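My entries follow in the order of the look-ups.

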Amino acid sequence: KKLFTAILCIAMTSVLFAGCGNSAEEGKAPEAGTFAAATAEDVAAALQDSSAVVVDARSNDAYAGWAAGDNKLGGHIDGATDFSAKWLTATFDDENNLDGMTREEHLQKYMTDKGIKADTPVIVYDENGTDAVSVAEYFAANGVTDIKTFNLADWKEDLVSYANYQMYIPPAAVNDLISGKEVAELGAVKDLKILEISWGKTEESGYLAGHVPGALHVNSDDFDDENNVYMLESDETLLNLAKSLGITKDSTVICTGNPIFSCRMATILEYLGVENVYVMSGGTTGWTDAGFALETTDNKPTAIADFGTTTPKNPDLIDTVAEVQAKLSDPNFVLVDNRTIEEYRGETSGYSYFDKAGRIPGAVYGYAGVGNSSSMLYYDNLDTTMRNADEILAMWQEAGIDTGKHLSFYCGGGYRASEVLWDAKVMGFENISLFADGWCGWALAGLESVKGE
């Protein structure tokens with residue numbers, strides 16, 4: 001967690017801009033700004049052409065379903081993939097990031113993931129006439145020769161959205177709430193609470209360097225037992241934490257920070273019974289990249305005595321060690337391991353403070369990141385927005401994860417798996433849970449484990 005905080009603080013101070021566009025030789029890639037305009041008929045034909053790719057260049061929030069900020073049309077053309085223009089300019093540090101990859105390496109991976117090659121016919125669309133050109137220029141600079149642009153306003157068919165896209169809320173919508181404006185997707189907002197979740201006390205966490213205005217700091221040690229390999233605290237402690245933050249089951253709560261932290265806190269609050277919990281997409285850099293100022297005030301919560309319930313209202317959302325042990329024999333239960341492949345094989349525990357390596361017998365490898373226990377390469381875009389849901393589903397299918405069964409996600413101690421759980425909720429999955437104590441809890445219980453492929 002200290003390593004994660006250090007990397008995050010470095011990343012927040014660095015903004016790198018990727019240059020786009022060049023003049024390619026005739027017959028190869030078009031020159032910058034010379035792309036032909038596609039018609040709605042062209043787009044429809046491309047969607048039926050397995051060799052062509054239709055690309056949404058807007059924000060990932062707009063692609064998911066949000067009509068917020070500069071985007072007035074929520075959702076995307078059915079069958080289109082995403083390649084946001086924001087990835088070209090979003091705050092990113094090539095040398096200090098959790099994936100150990102440069103921006104360009106990420107962008108090249110995205111082109112591969114989306115099947116975009118030099119000879120791929122591509123139509124790129126947006127709403128503002130700018131994002132599509134920026135992405136088209138990037139493709140052209142990488143040798144793509146057949147590129148057209150399209151204005152989404154000319155598309156007359158219905159757009160599609162993620163089932164629960166509202167669960168990741170864009171910075172523009174959060175800013176509207178702070179300003180007292182109504183956000184239609186959320187409906188009535190009662191007792192708004194904004195949380196910034198990170199490791200450490202206020203002085204060491206980075207909170208005082210800047211946070212979303214009005215946000216209360218939550219130290220991850222407040223819900224983790226730092227004396228027991230950071231496993232989740234007791235229900236009583238979690239309920240007391242909510243009350244200390246002034247949160248009741250009827251509050252509207254927005255969690256900010258890196259997704260593995262904000263999704264973990266959001267999952268805890270849902271488990272306790274808070275009905276309206278959201279995670280701000282893009283984290284702190286997403287907020288500043290959207291043009292909003294950070295606040296350095298040390299906001300203090302007003303504690304309350306009554307949360308609204310004395311026991312968790314959604315106990316089935318979080319599995320215990322004993323419950324997982326009992327469910328493993330159920331043919332309709334799938335335990336999904338969201339760690340690095342090295343952790344899954346038992347080559348490393350993944351943590352400096354825990355030396356037991358291996359995995360739970362029967363667990364299916366479900367991906368997370370690379371290199372360390374904070375990377376979420378396979379679920380995050382470089383701006384820490386959620387990866388394309390179709391790509392996540394394809395990844396699960398390739399891994400042999402049967403999404404028709406109950407999925408229980410686990411990692412080492414619940415952080416990475418919480419983000420995967422949240423993504424699954426956004427995608428519309430309901431028969432899911434979090435094994436919060438994960439590998440550490442299983443190993444500490446002395447239960448059977450395996451290593452290898």
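**Salt bridges**

I counted salt bridges first, and the count comes to 20. The rule I applied asks for a side-chain nitrogen of Lys or Arg within 4 Å of a carboxyl oxygen of Asp or Glu. This is a predicted model, in which local features need pLDDT of at least 70 and side-chain atom pairs count only at pLDDT 80 or more, while totals for chains, interfaces and linings use all residues. Residues are numbered from 1 along each chain as its sequence is written, and side-chain values use heavy atoms, with hydrogens and water left out.

I then went through individual pairs. Side chains of opposite charge can pair when their charged atoms come close.

- Asp337 pairs with Arg339, with 2.9 Å between the closest N and O atoms. I looked up their cover, and both Asp337 and Arg339 are buried. Buried stands for under 20% relative accessible area, exposed for over 50%, and partly exposed for what lies in between (1.4 Å probe, protein chains only).
- Lys300 and Asp298 form a salt bridge at 3.1 Å, N to O. Lys300 is exposed at 59% relative accessible area, and Asp298 is partly exposed at 29%.
- Asp250 and Lys249 form a salt bridge at 3.4 Å, N to O. Asp250 has 32% relative accessibility and is therefore partly exposed.

I also noted a network of salt bridges that links Asp82, Lys109, Asp113, Lys114, Arg387 and Glu391.

**Helix H14**

Helices (H or I, at least four residues) and strands (E, at least two) are DSSP runs, numbered from the N terminus.

**Negative patch**

Asp94, Glu95, Glu104 and Glu105 gather in a surface patch of negative charge. Patch members have over 30% relative accessible area and no salt bridge, and like charges are joined within 9 Å. Asp and Glu count as negative, with the charge placed at CG of Asp or CD of Glu. The areas come from the Shrake-Rupley method with a 1.4 Å probe. I placed Glu95 in the loop between helix H4 (86-89) and helix H5 (103-113); Glu95 is exposed, with a relative accessible area of 73%.

**Positive phi**

Most residues other than glycine have a negative phi. I looked up two residues with a positive value.

- Asp191 has a phi of about 55 degrees and is not a glycine. Asp191 sits in the loop between helix H7 (171-178) and strand S7 (192-198), and is partly exposed at 33% relative accessibility.
- Tyr367 has a phi near 70 degrees. Tyr367 sits in the loop between strand S15 (364-365) and H14, and is buried at 18% relative accessible area.

**One distance**

Thr39 is partly exposed at 36% relative accessibility. How far apart are Thr39 and Asp337 in sequence and in space? They are 298 residues apart in sequence and 44 Å apart in space, C-alpha to C-alpha.

Note on methods: Patches are made of residues with over 30% relative accessible area and no salt bridge: like charges are joined within 9 Å, nonpolar side chains (Val, Leu, Ile, Met, Phe, Trp, Tyr) within 5 Å.
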